[in-house]
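User: Could you walk me through this model? I'd like the overall layout, then the core.

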Amino acid sequence: MPARRRTRDTREADDVEPVEEYDEEPAGQYEDGDEEDADENDDQDADLDDYEDEEDEDEDEDEAHPRLNAMTAGAAGLRHITELTSRPAQGVTLVKPEGEGWLVGVEVVEDRRIPSSGDILALYEAELDEEGNLRSYRRLRRYRRGSGDLGEAAR
């Protein structure tokens, strides 16, 4: 295979040295009359910094008191129940706003059997505050997977 010939374009590209970039102009390096422009830019930068600080304060307040929606409340309830019971969850069965918080129903596998239609499941209810913290939880009922849903009468 013949050796690659260096063309003028490749030589120029290979011989180029990297250019250093500066974020700010060094102090006192302005030409005559440019100091006024620099002062105006500094004032604009200070105004921008103040605006960014206000945004940061708003974000900090939102992070300190996050607002839950149905999706995040359901996920929080599922997480709390699986951590407390140490059992695998089948899914969320209820997410309902309740007073200042949320009510979340979670179906959990209490006992695995073979075949899986013999599994014992349980329905748990978690009460969360408006930030997603667990207020209380309880097991509503246990049932065999294949038994069907008896609805509200089973409570």
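Analyst: Read along the sequence, the chain follows the pattern α-α-α-β-β-β-β, where helices (H or I, at least four residues) and strands (E, at least two) are DSSP runs numbered from the N terminus. This is a predicted model, in which local features need pLDDT of at least 70 and side-chain atom pairs count only at pLDDT 80 or more, while totals for chains, interfaces and linings use all residues. Residues are numbered from 1 along each chain as its sequence is written, and side-chain values use heavy atoms, with hydrogens and water left out.

User: Ok, what is in the largest nonpolar core?

Analyst: That core has 12 residues, among them L68, I81, W102 and Y124; a nonpolar core is a set of buried Ala, Val, Leu, Ile, Met, Phe, Trp, Tyr and Cys residues joined through side-chain atoms within 4.5 Å. Buried means under 20% relative accessible area, exposed over 50% and partly exposed in between, with a 1.4 Å probe and protein chains only. At least two residues of this core come from each of α3 (70–85), β2 (101–111) and β3 (120–128).

User: And how do β1 and β2 pair?

Analyst: Strand β1 (residues 89–98) pairs with β2 in the antiparallel sense over 8 bridges, pairing being called if DSSP finds at least two bridges between two strands. K96 stands opposite L103 in β2, and in the hairpin, which has 2 residues between the strands, G99 takes a positive phi near 60 degrees.

User: Switching topic, where does L134 sit?

Analyst: L134 belongs to strand β4 (residues 134–144), and the residue is partly exposed, with a relative accessible area of 30%.
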